[in-house]
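Hi everyone, thanks for making time today. Have a look at the model on the screen, and I'll walk you through it.

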There are 2 protein chains.
Amino acid sequence: MKNRAIFTISICFAAALSLLVSGGSAAPESYFPYVGEKGSIMLPSGYRANWVHMGSWAVAEKEAPGYGFHDVYAQQSTVEGYRKTGQFPDGAVLVKEIRKVRTEEMTTGKTSYADEITTWFVMIKDRQGRYKDNPNWGNGWGWGLFEPDDTGKNLSTDHAKDCIGCHIPAKSTDWVYVRGYPTLK
Amino acid sequence: MKNRAIFTISICFAAALSLLVSGGSAAPESYFPYVGEKGSIMLPSGYRANWVHMGSWAVAEKEAPGYGFHDVYAQQSTVEGYRKTGQFPDGAVLVKEIRKVRTEEMTTGKTSYADEITTWFVMIKDRQGRYKDNPNWGNGWGWGLFEPDDTGKNLSTDHAKDCIGCHIPAKSTDWVYVRGYPTLK
């Protein structure tokens with residue numbers, strides 16, 4: 001009887017701690033390592049070798065704001081969730097890696113391929129409005145922008161100013177360019 | 001004692017069967033489902049959701065033989081093996097998917113992304129010269145070419161005629177364009 005009581009208290013304590021840490025509602029496992037207490041966003045690592053590739057994009061004009069090779073990665077659970085429901089599951093983490101474009105003349109024609117990284121964009125799905133006081137959260141997502149000089153710092157300070165502009169053409173698909181992600185189909 | 005004898009015979013039988021099926025030497029687990037008895041090559045499926053993405057390429061000129069968006073996938077064991085040794089392990093399977101390029105004017109600039117599939121290329125690493133009588137095997141690899149109309153048929157009949165030409169710029173890196181595969185680094 002005593003053991004059962006201790007067990008029950010432990011479970012309640014763990015649940016309460018989890019709520020405190022996540023700022024009110026339990027953090028989905030998929031994003032737990034990448035979101036801090038007040039909604040700060042960390043850049044995931046290891047996604048190339050362990051996550052699923054969703055699609056590739058290229059913006060060839062050097063003057064364009066999106067210049068470079070874009071590759072987008074997500075966890076397997078995100079892809080499975082989207083394939084089932086047609087929506088990104090709560091806690092989905094999307095990492096878009098942008099690399100310089102290198103071009104060579106080859107026997108196959110003038111060929112461009114991805115070179116060194118210039119930028120990462122991170123989007124984290126939030127269906128519960130967890131971080132209302134943090135301007136990097138809004139429109140159903142948390143938004144992150146990282147550069148190689150300091151991968152520990154989210155350079156976005158306000159998603160409405162720093163992120164949304166480039167996502168307007170994808171507003172109708174929950175701000176994500178799913179038409180270029182064959183893995184979701 | 002009798003049980004042990006039956007066990008030993010079973011193991012020997014299984015080993016002999018494996019040798020027969022693979023044409024002389026045991027087939028690596030990584031390619032077993034994709035190579036038939038005489039070296040016929042099958043197109044893997046499920047690589048987008050389950051394998052690792054190695055890199056992206058784009059050939060923008062419509063007249064070029066390599067026209068399209070190229071994305072290359074391999075199993076996780078291949079990436080781990082290459083990172084350790086700098087070489088593709090015996091049995092490595094590479095799938096290159098080629099898709100049409102779709103281009104749109106967006107707020108990020110003129111943007112190109114991968115559309116429907118036109119071709120798959122498959123390469124399977126063979127360090128033992130297993131299929132000497134099959135002209136789709138040579139230069140250390142098995143070579144496959146597939147199109148959406150009949151994904152069950154390898155359209156390459158002789159790798160020296162149908163495949164090697166486009167790989168000459170990558171001869172020094174075991175015929176693979178590793179310089180465009182950031183995941184291997």
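Let me begin with a hairpin: two residues link β3(A) to β4(A) there. Helices here are DSSP runs of H or I with at least four residues, strands are runs of E with at least two, and both are numbered from the N terminus. Before I go on, some housekeeping: this is a predicted model, where local features need pLDDT of at least 70 and side-chain atom pairs count only at pLDDT 80 or more, while totals for chains, interfaces and linings use all residues. Residues are numbered from 1 along each chain as its sequence is written, and chains are lettered from A and ligands numbered from 1 in the order in which they are written.

Back to the strands. Between β3(A) and β4(A), which are antiparallel, there are 13 bridges; for two strands to count as paired, DSSP has to find at least two bridges between them. β3(A), residues 93-106, also pairs antiparallel with β2(A), residues 68-74, through six bridges. Which residue of β3(A) is the bridge partner of F69(A)? That is R99(A), and R99(A) also stands opposite I117(A) in β4(A).

Now the whole of chain A. The chain has four helices and six strands, in the order α-α-β-β-α-β-β-β-β-α from the N terminus. Of its 185 residues, 39% are buried. By buried I mean 20 or more other C-beta atoms within 10 Å of the residue's own; exposed is 12 or fewer, and partly exposed is in between, with C-beta atoms placed from the backbone. Contacts, in turn, are pairs of residues whose C-beta atoms, placed from the backbone, lie within 7 Å. Taking contacts in chain A between residues at least 6 apart in sequence, 51% join residues at least 24 apart.

How far does the predictor trust this? Chain A has an average pLDDT of 87, with 85% of the residues at 70 or above; pLDDT is the predictor's confidence in each residue, from 0 to 100. Please be careful with residues 11-24 of chain A, where pLDDT stays under 50 and the model has 12 contacts beyond four places in sequence. For the complex, the predictor gives an ipTM of 0.77 and a pTM of 0.81.

Next, a helix: α3(A), residues 76-85. Its buried residues are T78(A), V79(A), G81(A) and Y82(A). Seen down the axis of α3(A), these fall within an arc of 165 degrees, so they line one face of the helix; the arc is that of the directions from the helix axis to the C-beta atoms. What do the buried residues of α3(A) pack against? They pack against β1 and β2 of chain A, together with α2 of chain B. On the face turned away from the buried side sit the exposed residues R83(A) and K84(A). Just after the helix, G86(A) takes a positive phi of about 75 degrees.

That brings us to the two chains together. Chain B superposes on chain A by a rotation of 180 degrees with 0.0 Å of shift along the axis, at an RMSD of 0.0 Å. The two copies are thus related as by a two-fold rotation axis. The superposition is by least squares on the C-alpha atoms of residues with pLDDT of at least 70 in both copies. In chain B, the C-alpha nearest the axis belongs to H53(B), 2.9 Å from it.

I'll finish with two residues of chain B. N136(B), in the loop between β4 and β5 of chain B, is buried, with 23 other C-beta atoms within 10 Å. Among the residues that N136(B) touches are W143(B), D158(B) and H159(B). C166(B) lies in the segment after α4 of chain B and counts as partly exposed, with 17 C-beta neighbours inside 10 Å. C166(B) touches T107(A), T108(A), P65(B) and G66(B), leaving aside residues up to four places away in sequence. In sequence, C166(B) and G66(B) are 100 residues apart, yet their C-alpha atoms are 8.2 Å apart in space.

Methods. Two residues are in contact if their C-beta atoms, placed from the backbone, lie within 7 Å.
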